[in-house]
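This report concerns the packing of helices in a predicted model. Please consult the sequence and the coordinates alongside the text.

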Amino acid sequence: MINLVPFLSYAFVTSFTPGPNNIMSMTNANRDGFKKTFNFTLGIFTGFFIMMLACSYFNLLLFSLIPKIKPFMSIIGSAYMVYLAYKIYTSKSASADTDSTHINSFLTGLLMQFVNPKVILYGITVVSNFITPYYNTHISLIMFSLLLGVIGFASITCWALFGALFQKFLAKYRKPFNIVMSILLVYSAAAILQSGLQ
């Protein structure tokens, strides 16, 4: 039977720490408001759930291929994160930024999950260590994937609420805020690239 405390501890700590999903949710909500960011967070949830299901069903296959996949995914994921960092750095206020919907949409949130090595490696790790050794029925894999998706959704929602609640305060310091968020994304990209190429 699954050891629930370590499983939930790992899932919550990994989900709530800064990463591309959380940083983008906070940045989008700060710029556009929580309501306009909700579709983006739903996209993240949907993509995250799909990735958890994929990791559940293809766990053994992914582990055997990981030495070949990891560097490739690290390069693509890091490049995408740098692109998102650039978009954050160059973004303006919601009224002036006509391109903000490009990075604050359901599709962007969904597609981010398929090039986000943190999500893929998290899925492989959590599934292989906590789920598939104990459960392998379709319903259990779906339910655990849904649970992980809900934990992830709670995380990005909290980060988005933070961005929205402090919208007026952060509006005064938009440029420094965008710079810090961009640096965090670039740092995440560099860390993922470094670990992926080792």
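The following paragraphs treat the first helix and then the nonpolar cores.

Helix 1, formed by residues 4-16, comprises 13 residues. From its first C-alpha to its last it reaches 18 Å, close to the 18 Å expected at 1.5 Å a residue. Its buried residues are F7, A11, T14 and S15. Viewed down the axis of helix 1, these residues fall within an arc of 100°, so they line one face of the helix. An α-helix has 3.6 residues a turn, so residues three or four places apart point the same way. On the other side of helix 1, V5 and V13 are exposed. The buried residues of helix 1 pack against helix 2, helix 7 and helix 8, whose limits are tabulated here.

| Partner of the buried residues of helix 1 | Residue range |
|---|---|
| Helix 2 | residues 20-32 |
| Helix 7 | residues 117-131 |
| Helix 8 | residues 138-165 |

F7 also belongs to the largest nonpolar core, which has 19 residues. Together with M52, Y122, V126, I131 and L148, F7 is among the residues with the most contacts inside this core. Two or more residues come from each of helix 1, helix 3 (34-57), helix 7 and helix 8. Helix 7 gives the most to this core, contributing eight residues.

The surroundings of M52 can be described in detail. Not counting residues up to four places away in sequence, M52 touches V119, Y122, G123, V127, S145 and L148. A second, separate core has 16 residues, including F40, A85, I88 and M112.

Conventions:
Residues numbered from 1 in each chain as written. Predicted model: local features only at pLDDT ≥ 70, side-chain atom pairs only at ≥ 80, totals over all residues. Heavy atoms only, no water. Helix = DSSP H or I, 4+ residues; strand = E, 2+ residues; numbered from the N terminus. Expected span 1.5 Å × (residues − 1). Buried < 20%, exposed > 50% of the residue type's maximum accessible area, 1.4 Å probe, protein only. Arc of directions from axis to C-beta. Contact = heavy atoms within 4.5 Å. Core = buried A, V, L, I, M, F, W, Y, C linked by side-chain atoms within 4.5 Å.
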